Amino acid sequence: MIRSRPPLAAPEPDAPAIELREVTKQYPGSPPVTALDRVSVRISRGEMVAVSGPSGSGKSTMLHVMGTLDNPTSGSVLIEGVDTSVLDDNRLAAIRGRRVGFVFQRFFLLAGVPVIDNVANGLLYAGVARSERREAAEAVLERVGLAARMWHRPEQLSGGETQRVAVARALVHDPAFVLADEPTGNLDSAASQSLMDLFASLHKEGRTIIVITHNDQIASELPRRLQVLDGRLEQDTGAPVP
């Protein structure tokens with residue numbers, strides 16, 4: 001049975017993948033804690049961007065705001081030209097489920113469940129039939145080099161393979177952009193390099209990739225770097241792609 005889905009506002013064809021306009025995020029306290037302070041940035045479709053900074057700099061808060069996991073205290077977040085501040089919870093969930101791909105450091109895969117179904121679960125709330133979900137999962141697992149492991153369970157995989165499963169799940173619904181939160185944090189150097197090579201190949205195909213990292217070496221190797229400190233955007237090494 002196919003579930004009914006809330007309609008999405010139509011994306012603007014020439015709009016950036018994501019745009020923050022004077023975004024501030026404060027958490028309650030006395031005084032309030034300002035995690036983001038009037039941040040404005042545009043990330044065009046097809047860019048590959050690092051968001052870097054030390055612990056507590058605000059980069060994880062930026063990820064949550066970009067991905068609509070958290071609402072800004074003030075300012076606007078636009079995804080493909082759609083202002084998310086005017087959307088209700090159902091439509092925000094639809095945006096996350098169909099236009100944003102998340103890769104988390106801790107993977108969040110279901111133990112005991114075959115890899116193919118962990119990836120297919122990325123389409124669970126998109127109104128796609130089970131057989132079609134598995135077809136899409138199989139295709140994207142082949143793309144990330146795990147076609148031979150799709151019937152294995154997560155606990156049977158290496159750390160690098162597990163992270164690739166998480167990438168496949170993020171890609172299965174063909175999102176507007178992928179947000180990767182410290183994706184190499186739990187990997188050794190070889191697995192980290194392999195994962196970043198995968199992101200680079202996805203970027204060459206036209207994917208929009210945003211990597212949140214505290215690793216200066218990784219950040220310096222990406223085409224564009226946003227340096228965050230004390231909630232402010234301190235440096236932007238490149239202008240958006242036209």
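How many residues lie between S4 and S5 in their hairpin, and which residue in the turn has a positive phi? The legends below cover this turn and other close-ups of a predicted model.

**Figure 1. The hairpin of S4 and S5 turns through glutamate 80.** There are 2 residues between the two strands. Glutamate 80, in the turn, has a positive phi of about 50 degrees. S4 and S5 are antiparallel and are paired over 2 bridges. Isoleucine 79 has valine 82 in S5 as its bridge partner. Isoleucine 79 of S4 also stands opposite isoleucine 18.

**Figure 2. An open sheet is built from 4 strands.** Their order is S2-S1-S4-S5, and the pairing is antiparallel. Strand S2 (33–43) and strand S5 (82–83) are the edge strands. Each of these edge strands pairs on one side only. Strand S1 (residues 18–27) pairs with S2 over 7 bridges, in the antiparallel sense. In this sheet, lysine 25 faces leucine 36 of S2 as its opposite residue. Strand S4 (residues 74–79) is joined to S1 by 5 bridges, and these two strands also run antiparallel. In a regular strand, side chains alternate between the two faces of the sheet.

Figure 3. Is aspartate 37 buried or exposed? Its relative accessibility is 16%, below the 20% limit, so aspartate 37 counts as buried. Neighbours within four places in sequence aside, aspartate 37 is in contact with Val23, Thr24, Gly231 and Arg232.

**Figure 4. Strand S9 pairs with both S3 and S10.** Strand S9 (residues 224–229) is mostly covered, with 5 of its 6 residues buried. Strand S3 (residues 48–52) and S9 are parallel, with 4 bridges between them. S9 and strand S10 (residues 232–236) are antiparallel, also with 4 bridges. Glutamine 227 of S9 stands opposite serine 52. In S10, glutamine 235 is the bridge partner of glutamine 227. S9 and S10 form a hairpin with 2 residues between them. Aspartate 230, in that turn, has a positive phi of about 50 degrees.

**Figure 5. Phe102, Phe104 and Phe108 are linked into a cluster by ring pairs.** How many aromatic pairs does a search of the whole structure find? The search finds 2. Phenylalanine 102 and phenylalanine 104 make a stacked pair, with 5.6 Å centre to centre and 10 degrees between the planes. Phenylalanine 104 and phenylalanine 108 have ring centres 5.5 Å apart. The planes of phenylalanine 104 and phenylalanine 108 lie at 80 degrees, so this pair is edge-to-face. The cut-off for that class is over 60 degrees. Phenylalanine 102 is buried, at 13% relative accessibility. Phenylalanine 104 is partly exposed, with a relative accessible area of 22%. Phenylalanine 108 is exposed, at 53%.

**Figure 6. The largest nonpolar core holds 39 residues.** Which residues touch the most other members of this core? They are Val119, Leu141, Val144, Val167 and Phe199. Several helices each supply at least two residues of the core: helix H3 (115–120), helix H4 (130–143), helix H5 (159–171), helix H6 (189–204) and helix H7 (216–221). S3, strand S7 (177–181) and strand S8 (209–213) each supply at least two residues as well.

**Figure 7. Phenylalanine 199 is shown with its contacts in the model.** Phenylalanine 199 is one of the residues that touch the most other members of the largest nonpolar core. Leaving aside neighbours within four places in sequence, phenylalanine 199 is in contact with Met48, Val167, Ala180, Pro183, Ile209 and Val211. Val167 is also among the residues that touch the most other members of this core.

Key
Residues are numbered from 1 along each chain as its sequence is written. This is a predicted model: local features need pLDDT of at least 70, side-chain atom pairs count only at pLDDT 80 or more; totals for chains, interfaces and linings use all residues. Side-chain values use heavy atoms; hydrogens and water are left out. Rings of Phe, Tyr and Trp (its six-membered ring) pair if their centres lie within 6.5 Å; planes under 30 degrees apart count as stacked, over 60 as edge-to-face and the rest as tilted. Buried means under 20% relative accessible area, exposed over 50%, partly exposed in between (1.4 Å probe, protein chains only). Two strands pair if DSSP finds at least two bridges between them. Contact means heavy atoms within 4.5 Å. A nonpolar core is a set of buried Ala, Val, Leu, Ile, Met, Phe, Trp, Tyr and Cys residues joined through side-chain atoms within 4.5 Å.
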